Amino acid sequence: MTKQKVVVADGIDMAVVVPPALFSAEVKKPPLMPNGYITINKKKLLLQNLEINGGTRVNAWVESMRASSPTSNRKRTQDQSTWMDRHPSALNMFDEITNASKGKQIVMFLDYDGTLSPIVDDPDRAYMSDAMRATVRKLAGCFPTAIVSGRCRDKVYNFVKLAELYYAGSHGMDIRGPSKGSKYKKSPPSVLCQPASEYLPMIDEVYGLLMEKTKSTPGAKVENNKFCLSVHFRCVEEKKWSELAAQVRSVLKDYPKLRLSQGRKVLEIRPTIKWDKGKALEFLLESLGYANCTDVFPIYIGDDRTDEDAFMVLKERGQGFGILVSKIPKDTSASYSLQEPSEVMDFLQRLVDWKRHSW
Ligand SMILES: [Mg+2]
């Protein structure tokens, strides 16, 4: 196994420990540049990082996680201001955004962790502030609003505690309408969609195996999100990340119907069904009666790689837009950016004020 410097095509440098099996036929024999760097296409790298079930790519994935971490000390050559030119602040572009929505129904989709609440070491303590809750409550009075999270729906509801919202938990695999009458939903609460019900016994089984397997790694935390699982790296020493990722893979290799994906210092384990936050967004728009409407303007705000599926759906539909919450440049299909949850709250409050004054 060799350590190579890699220049990813869009300019982010990463040192990747390259196991012999990392490069598939598609990227075999990468061209060596004069300075000893190899160049590979970033999309291919990301794809390979996600294909942990398919080969010994754990180290590459761990390095990718380090490189994408906001706390990483690695030098990023992608200039922040260039990135901000392509993904300007949604606060600075507020007038343009609201002008684009004129005559259309805004529908709000909000991720939870890192979007409404700060990222914290203990995922069980990712509380949102009272001020944020009050803002989201006002927002839901102005627009249909959904929380879309990788968390178990009950858990995210217990954090948010607003009955007038739609909730899509488990990366959208568990969707429920408002349990309190709102002007957008007056019927009793109902489970709207659970496309992965048949996977419940398997998820429970793998949860038990992962708990057992990872208990030797200090700080590792396995979270049961009902239709999916999360293995949190946040409290694990960085030198133990490879070991933990290998433990996860050793369990998952016997479950080809489950797949791994990477989030912010977390590995997500989900059924292989074609369902994600983007599909949840489409399902919710349909449930709200906007399936084939041209006068709908969905806004999705999220901070994670799993939110990219929703950003991509909006881009492909040519409706509304995504806002990525990030302080650092990232590859994204979102149109705009916000730096942190406090800016999300400011943006939501401005939407509320704009709506109230536009009538
Ligand atoms: Mg998040």
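Here are a few friendly notes on one helix pair and one serine in this structure.

1. Before you start, note that this is a predicted model, where local features need pLDDT of at least 70, side-chain atom pairs count only at pLDDT 80 or more, and totals for chains, interfaces and linings use all residues. Residues are numbered from 1 along each chain as its sequence is written.

2. Look at helix α11, residues 341-357. Helices here are DSSP runs (H or I, at least four residues), strands are E runs of at least two, and both are numbered from the N terminus. Pro341, Val344, Met345, Phe347, Leu348 and Leu351 of α11 are buried (20 or more other C-beta atoms within 10 Å of a residue's own; exposed means 12 or fewer, partly exposed in between, with C-beta atoms placed from the backbone). Seen down the axis of α11, these buried residues fall within an arc of 165 degrees, so they line one face of the helix; the arc is that of the directions from the helix axis to the C-beta atoms.

3. Which exposed residues does the face of α11 turned away from its buried side carry? They are Asp353, Arg356 and His357.

4. The cover over the buried residues of α11 includes α5, β13 (296-302), β14 (321-325) and β15 (336-338).

5. Now find serine 170, in the loop between β6 (166-169) and β7 (174-176). Serine 170 is buried because 29 other C-beta atoms lie within 10 Å. Beyond its neighbours within four places in sequence, serine 170 has contacts (C-beta atoms, placed from the backbone, within 7 Å) that include Gly150, Cys152 and Asn225.

Terms used: Axes are lines fitted to C-alpha atoms, for helices over the stretch in contact, and angles run from 0 to 180 degrees between N-to-C directions. Two residues are in contact if their C-beta atoms, placed from the backbone, lie within 7 Å.
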